[in-house]
Amino acid sequence: MDGEAQRSTASWENATLAPVDSLRSERAESPMPGLVEGTEPGAGQKSAMFVHAQSFEDLTAEGEDEREAELDKSGECADELKVLVGEKSVEEQHNIDVTSETRTKEEDVCSEAWRSHRKHVFVLSEAGKPIYSRYGTEEALSSTMGVMMALVSVVEADKNVIRSIHADGCKVVFLTKSPLVLVGVSRTSQTDKELLRELLYIYYQIVSLLTLTQLNHIFQHKQNFDLRRLLAGSEYLTDNLLHRLDRDPGLLLSAVTCLPLASSARDVVSSGLQAAKSESLVFSILLAGDRLVTLVRKKDQFLHHIDLHLVFNLVGSSSSFREGEGWTPICLPKFNTAGFFHAHISYLEPASQLCLILVSTDREDFFNMSDCKQRFLERLSKRSAYQALKEALKCPSYSVEQVAIPELRHFLYKSKSSGLYTSPEFPEVYQSDAEQERLMGLYQDLHSSLHHPSRPLRSFYRCGESENLLAWVTSGFELYLCFSPLGTKALALSAVNKLLKWIRKEEDRLFILSPLTY
Amino acid sequence: MGEKLPRVPGGARLHSDGLSRPVQTLRVKMVLLGSSGVGKSSLALRFDKDEFRSTTPTVGCAYLTRVVHLSDVTLRFEIWDTAGQEKYHSITPLYYRGAHAALVVYDVSQRETFVRAQVWLKELEKQYIPGSTVIWLVGNKVDRAQDRQVSVQEGQSLANDRGLLFTETSALLGDQVCELLLAVAHRVHECIGAQQGGLSEWQETAHVDLHRRDTFNPFVSCCKVGP
């Protein structure tokens, strides 16, 4: 627990959010005028494309609910439980110290490097069998994972749930999603909730390959099953997803970004996809790298942003779709954990960035999907939209200078009702990977404060040595601004309106305002 | 490697898709089976573009087409490059059902892939209707001569026992890959093409009629077997 108290950004232990050192936090004096959900810049004009996601509360809510349900079952009062958990954590702290010592002996040479990784992720079965480790081989870590499972079981035996251990600048977070247990070990300043969200993504990644039904089935029949057999050859997907979680603002914001494209061109592309429909087709998704060009869906069927991120991850991590047409079963866990969809995945041209994903319900419908793609391509090339699309690919981002706000370096803006976000390219100062990850870390901190489970903030201004940051959330949008250290708070506040005006002016290009259904 | 001309009797040549076809074009469904990492996708890429690239593991299945011109007929190979990973095995029957040609691939430097190839052969035999599928055993990665774990003789004798055809290839170097495709083409044409309704004709406009599943479903071909 001492790790918690040492946190500098917000120490809610003593129930104040008073500034620590150079940090300042401010509550908004007045809410943003006239911008309610559905009218903010970037809000779709018709219905939303995605399952309505409040933000990341949606993501973690599920886990929390289950836990609360379990706690209720035990029939003890919550306060008592808290005490229990607190006591447990101290004990476990000792335990984990012991295990890390033995691990060092085992790992010998590579151990120091291994231990100093910023964030470890482990997946194990409820029998304690290793399934995945971000670093190092699972075999070498089987005893460590055994201990992790022991911790979970010991606490469970008391009708309780282990959530986290804080020790020595390290957080150990547990997520039990039967039949899997996920453990994150982090040296970052992320909150437990953020870490849980990341573990949940990894859980969904595994479900998307196998379905939950199959997972349950396997472990019901053979508790000791080595799941690595079934995940063999797909570890790179989990590795890449973890990398994305550190780098991609979309995963942080629970939102997706679009390829900037004139709305007239986007409409032609969308209607092309709409026309190339088929009975079994549920979603048609056109991607340009990591950006969404358009998404057409079956009426009344919504895609959840998590599922879309899993699709992004699959397409972005695999080079195999470059050759020919891909046809693969895929489970979209937020849609349905029980069954597979079948996705036809192919690039529009061999060297193109444009990738079309047609999600069908019928596993024998490959040729139908292939035909849908042909029809879409024919239609697209008949109109000039394809040319416009190719032009747009040449500048997939924009520079922050276009916004013309002094001292503004970078920003993230999410329209809550559409689930879409926009962000300029990183400026010179954040060109290196390390700097980009550092900035993402700062955004993550702000995000944690705005979405704090018990004391969420509406706005947060933070002065740092290398940059000043402002975060602002209303019912309509979420905004994170990064200014040079020369920026002032007054400047930052005045920038909000200016930026919103600019986004409003550009929203046709930056967002998908009129999503279509078949 | 690209310049190497295939040496196959009959003056047959390989052509890319899209050239004029004065002769009848027949569709051939071909499936690539075998363990993960034996080089199925690399073989498919060689068939398709005569290139080599290392790729991430195949997800699900990849579909490619390749046109092969024989002296009196043109064959349009519709190649299903399946994923070798165990989690996809339940869907693999979709692809080998009704295939005219099946290449069972193993890695000559990995004995367990050879063992696995025999399991694939058994599975194929369950669905096998004599004369409907040309099954070819392919030992890939002969470029790894120093790590070889499965000898040519072993591969050949397995093929002989089961009455299969056998070739060793290197997708990395392009050795014997074009020759393999041409040999498969000849064999398929001889064995299946000659039969009444053995191979269906391919029409450019076929795409438009694809909704009509009953007339044109590749999964319901000459031998319809339930999963």
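Which residue of E16(A) does A:Val473 stand opposite? I looked: A:Glu478 is the residue in E16(A) across from A:Val473.

Ground rules first. I have a predicted model here, where local features need pLDDT of at least 70 and side-chain atom pairs count only at pLDDT 80 or more, while totals for chains, interfaces and linings use all residues. Residues are numbered from 1 along each chain as its sequence is written, chains are lettered from A and ligands numbered from 1 in written order, and side-chain values use heavy atoms, with hydrogens and water left out.

I stayed with E15 (residues 468-473) and E16 (residues 477-483) of chain A, which run antiparallel and are joined by six bridges. My labels are DSSP runs numbered from the N terminus: helices are H or I with at least four residues, strands are E with at least two. Strands pair if DSSP finds at least two bridges between them. The open sheet reads E6-E13-E12-E16-E15-E14 in chain A, with mixed pairing. Its edges are E6 and E14 (459-463) of chain A, each pairing on one side only. Helix H15 (residues 433-450) of chain A lies across E12 (408-415), E14, E15 and E16 of chain A, at about 40° to E15(A). Contact means heavy atoms within 4.5 Å. Axes are lines fitted to C-alpha atoms, for helices over the stretch in contact, and angles run from 0 to 180 degrees between N-to-C directions.

**Five-stranded sheet.** Next I traced the open antiparallel sheet E2-E1-E5-E4-E3 of chain A. The twist averages 15° from one strand to the next. E1 (residues 119-125) and E5 (residues 180-186) of chain A pair over seven bridges, antiparallel, and A:Leu124 has A:Val181 as its bridge partner in E5(A). Helix H5 (residues 142-157) of chain A lies across E1, E2, E3, E4 (170-177) and E5 of chain A, at about 70° to E1(A). H6(A) also packs on the sheet, touching E1, E3, E4 and E5 of chain A, with its direction at about 45° to that of E4(A).

**Around H6.** I followed H6 (residues 192-210) of chain A to H12 (residues 305-317) of chain A: the axes come within 11 Å and cross at roughly 70°. That makes H6(A) roughly perpendicular to H12(A) (angles of 65 to 115 degrees count as such; under 35 is roughly parallel, over 145 roughly antiparallel, the rest oblique). Residues of this contact include A:Tyr201 and A:Tyr204 of H6(A) and A:His305 and A:Ile306 of H12(A).

With H7 (residues 212-221) of chain A, H6(A) packs at about 85°, axes 7 Å apart, so these two are roughly perpendicular as well. Here A:Tyr203, A:Ile206, A:Val207 and A:Leu210 of H6(A) meet A:Leu212, A:Gln214 and A:Leu215 of H7(A).

I noted a cis peptide bond between A:Ser178 and A:Pro179, omega about 5°. A:Pro179 sits in the loop between E4 and E5 of chain A. A:Ser254, not a glycine, has a positive phi of about 55°. I placed A:Ser254 in the loop between H10 (249-253) and E6 (256-257) of chain A.

**Interface.** Last, I checked the two chains: 32 residues of chain A are in contact with 34 residues of chain B.
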